[in-house]
Amino acid sequence: VTDVIEGRADTAEVVVPSVDVEPGTQAVGWRHRHLLDVDGLSNADLDLVMRTADAMREVLARPIAKVPALRGRNVTILFYEASTRTRVSFEVAAKNLSADVVNIAASTSSVAKGESLVDTVRTVEALGAQMLVMRHSVSGAPYLAAEVFGGSVLNGGDGWHAHPTQALLDLYTMRSRLGSVEGRKIVILGDVLHSRVARSNIWTLTAAGADLWLCGPATLLRGFEAWAGKGAAAGRRFHVTSSIEDALRDADVVMALRIQRERMASGLLPSLREYAARYGLTAARLATAKPGALVMHPGPMNEGVEIAPDVAAGAQSVITDQVTNGVAIRMALLYLLAGVSPT
Amino acid sequence: VTDLDLSRVWLVDPAAGREGPGELVVRDGILEAVTWLEGADASGIDDTGVVVAPGFIDLHAHLREPGNEDAETIATGLAAAAHGGFTTVCVMPNTTPTLDEPGVLAAIRGAVAASGSAVELLAHGAVTVGRAGETLAALGELADAGVVGFSDDGAPIRSAAILRNALAYAAPLGLPIVDHPEDATQTDGAEANEGLVATILGLRGWPAAAEETAVARDLAILGEVCRDVPGVRLHLTHLSTAGSIDQVRRAKAAGLPVTCDVTPHHLALTDAWIAGARRFAWEAGADGDRWHDDAIDTRPYDSSLRVNPPLRDRADAMACLAAVADETVDAIATDHAPHASVRKDVEFDQAAFGISGLETAVPLVLGGVRAGWAPLESVIAALTTGPARILGIPMPQGDRVVIDTEAEWVVTPESLFSLGKNTPLMGRSLRGRVDVATVGRPDREGGGRVAEAISRR
């Protein structure tokens, strides 16, 4: 029932789909019905997503950035957690593909009245949903949705677990700037423990052969040392350190993660001020990375805390690229999934 | 149930410290004779796969009545017990209302009588009023009414001072305090055993130390109280980590009056099941995970695996089974925790804690025996004489179970008598089945006791 089971085999060769034709009419080698996690994506899968996103970038550059690929398909966006950029990005992506888009914010639906996730998913399906984009604060919730939903589920972020489209747009952004991430030193800096972005990036970046480093206060790295020791999967090691000096030295990419105020209340950090002083990505710290190292952030940013405003807006920042690429990546994924989605 | 002629069975009698070939005869549903066989009559019997043992005693079950009859009733719970081979079941007091005063026990006994079940129901009373951890419940009145122990199970006794007083107060009543060891400051919002699986799945970690610090606290208090007050007894329920087991082993060696139990699911399952693996703790690859060992069988985040304490890793499960073998663990208790499907068909984090366990206990523990992790006799003792000793009850005469250790059966909603279908074993084929359970009855002449079959496949 899950893409993890169905999507094991590597695809022999990547065929870049022409996005001007109906999904599913070309053999492109994509076999995942759902996108719930990135742990089951092979290198060939990643490559296909990247190339399809290239095609979507080309669509976005057209005078009218719209193709009829998903015409007549219902894409329902069900968000149980507040989000602006991811939700809007999915909406724009679906509309660029001519899909019919239904937006449901959990606070304004019957969810607030205590309807279960299973009932909600069945209801949106009965209302015509064929592809379901879902965000939820509980890790694993999209797996439950995928079990009852007849179409395809795209995980738009679940708890601390996964944010597949973010990791894929991050990889896409890095590849478009660096060519390849293989052997590149990439640092994810900050609140790794609570971060679905970090977890998903561990899978994609180690699969792509990057030299991945996770850095932050030890309280926000809990459990990751053991994972790093074993590797994301067999032979896919990464590094974990609380030394920001070691992490940033000669880095090719530095991705800062959002620090939330709740972390102080739970005793994980003394104060935002202390965090900014010890782990904030400042110009001085960035100078210890490779010249021209990329600065990334999944947003939303706390400028002056995990990232200095001049760094966020500086010449090395590709943060707005991430946003633009996010639309292309989400178009690519909607397109690829639509090719295998039972409709 | 009519006639049953089991002329060649393997008898296990932990009370007598004996096991060996035997013969038993059931006529008109009454167990008429149990005979040890010797010499030529006995040859080859050990491999027939049929084991006859005393009826099992579960010292920790939730039958939900009164208050949550959509999850289980006394009648369905007792039927499930008989089906699983348990002829005595001791219920926990987390009912609604709480079993913190004798009236609730009377209501439960009324339900037992109305059920017509011959399974013996015992009860733990609450330690504190409403299990709120603040003031002692009416321990004396509850003892007079017949409770066999005191527990705030599910709500660990947070206050060390209350625990200390409860231990002392219960001692002259001759009853144990049954603590659920958990330091709640370490488990706020916790979802799964802290370790690789929880880290990768993004589930909030539930450290082994949350249990082990509570065990350490309880043992330190016990050590002091038992010097002043004779008869103090502490029972630690559903231990799940190697560190907890080690502490109990050392405390027993030091002579402390402590006992403990483990559940079948903590012996047989691991946290890797939450990642979608489906290997028993004693099977190859059970300590791995889907990402490294390709050990994925099904979707992750199955909420039927959400249980308190959480399923641990393979080393913990092995330590628990080894402790059954060396008798550091006194009892295997099911922590049968049935739930209505609405409480389980939800996100992992939102699901109620617990596994419906009465009817799958036997095949799970037999798996451990078959794998050579614990001898059959130790496991049977942990299901019979061990819990009887903790509960302070005599071994019930005439209560027996007949187990076909080789029979395979599939767990389906229909195959379970419990209303609680919440088991991660749903749909699986299990090996080992309770074929008959009997309970002791006065015989027709009134002079002795015979055993009447109460459950038969």
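A pocket, as the word is used here, is an open set of grid points with protein on both sides within 12 Å along at least five of seven lines, and its lining residues have an atom within 4 Å of a point. With that in hand, welcome to a predicted model whose largest pocket is lined by 31 residues.

**The largest pocket**

- Glu81(A), Arg135(A), Arg196(A), Arg258(A) and Gln260(A) are the lining residues that lie nearest the centre of the largest pocket.
- The volume of this pocket comes to about 770 Å³.
- Sorted by class, the pocket lining has 13 polar, 11 charged and 7 nonpolar residues.

**Where chain A meets chain B**

- Chain A brings 30 residues to the contact, and chain B brings 27 residues.
- About 2,300 Å² is buried between the two chains, with carbon and sulfur atoms giving 60% of that area.
- There are 2 salt bridges across the interface.
- You can find a salt bridge between Arg222(A) and Glu194(B), where the closest N and O atoms are 2.7 Å apart.
- Polar contacts between chain A and chain B number 6 residue pairs, with both residues at pLDDT 80 or more.
- On the side of chain A that touches chain B, at least two residues come from each of helix H1 (3-6), helix H4 (117-126), helix H5 (141-148), helix H7 (196-207) and helix H8 (224-230).
- That side of chain A is made up of 16 nonpolar, 7 polar and 7 charged residues.

**Enclosed cavities**

- The model holds 6 cavities of 30 Å³ or more.
- The largest cavity, at about 90 Å³, has a lining that includes Arg85(A), Ser89(A), Gln166(A), His297(A) and Arg330(A).
- H3, helix H6 (164-178) and helix H14 (319-340) of chain A each give two or more residues to that lining, and H14(A) gives the most, with 5 residues.
- By class, the residues around the largest cavity are 4 nonpolar, 5 polar and 2 charged.
- The second largest cavity has a volume of about 70 Å³, and its lining residues include His62(B), Arg64(B), Glu65(B), Met92(B) and Ile108(B).
- The lining of the second largest cavity has 5 nonpolar, 3 polar and 2 charged residues.

Definitions and conventions. Residues are numbered from 1 along each chain as its sequence is written. Chains are lettered from A and ligands numbered from 1 in the order in which they are written. This is a predicted model: local features need pLDDT of at least 70, side-chain atom pairs count only at pLDDT 80 or more; totals for chains, interfaces and linings use all residues. Side-chain values use heavy atoms; hydrogens and water are left out. Contact means heavy atoms within 4.5 Å. Buried area is the accessible area (1.4 Å probe) that two parts lose on being put together, summed over both. A salt bridge is a side-chain nitrogen of Lys or Arg within 4 Å of a carboxyl oxygen of Asp or Glu. A polar contact is a pair of N or O atoms within 3.5 Å; within protein, one must be able to donate a hydrogen and the other to accept it, and residues adjacent in sequence count only if both atoms are side-chain atoms. Helices (H or I, at least four residues) and strands (E, at least two) are DSSP runs, numbered from the N terminus. Ala, Val, Leu, Ile, Met, Phe, Trp, Tyr, Cys and Pro count as nonpolar, Asp, Glu, Lys and Arg as charged, and the others, Gly among them, as polar. On a 1 Å grid over the protein atoms alone, a cavity is a set of points where a 1.4 Å probe fits but cannot get out, and a pocket is an open set with protein on both sides within 12 Å along at least five of seven lines; lining residues have an atom within 4 Å of a point. Grid points are joined across faces, edges and corners, and a volume is the space filled by probe spheres set on the points.
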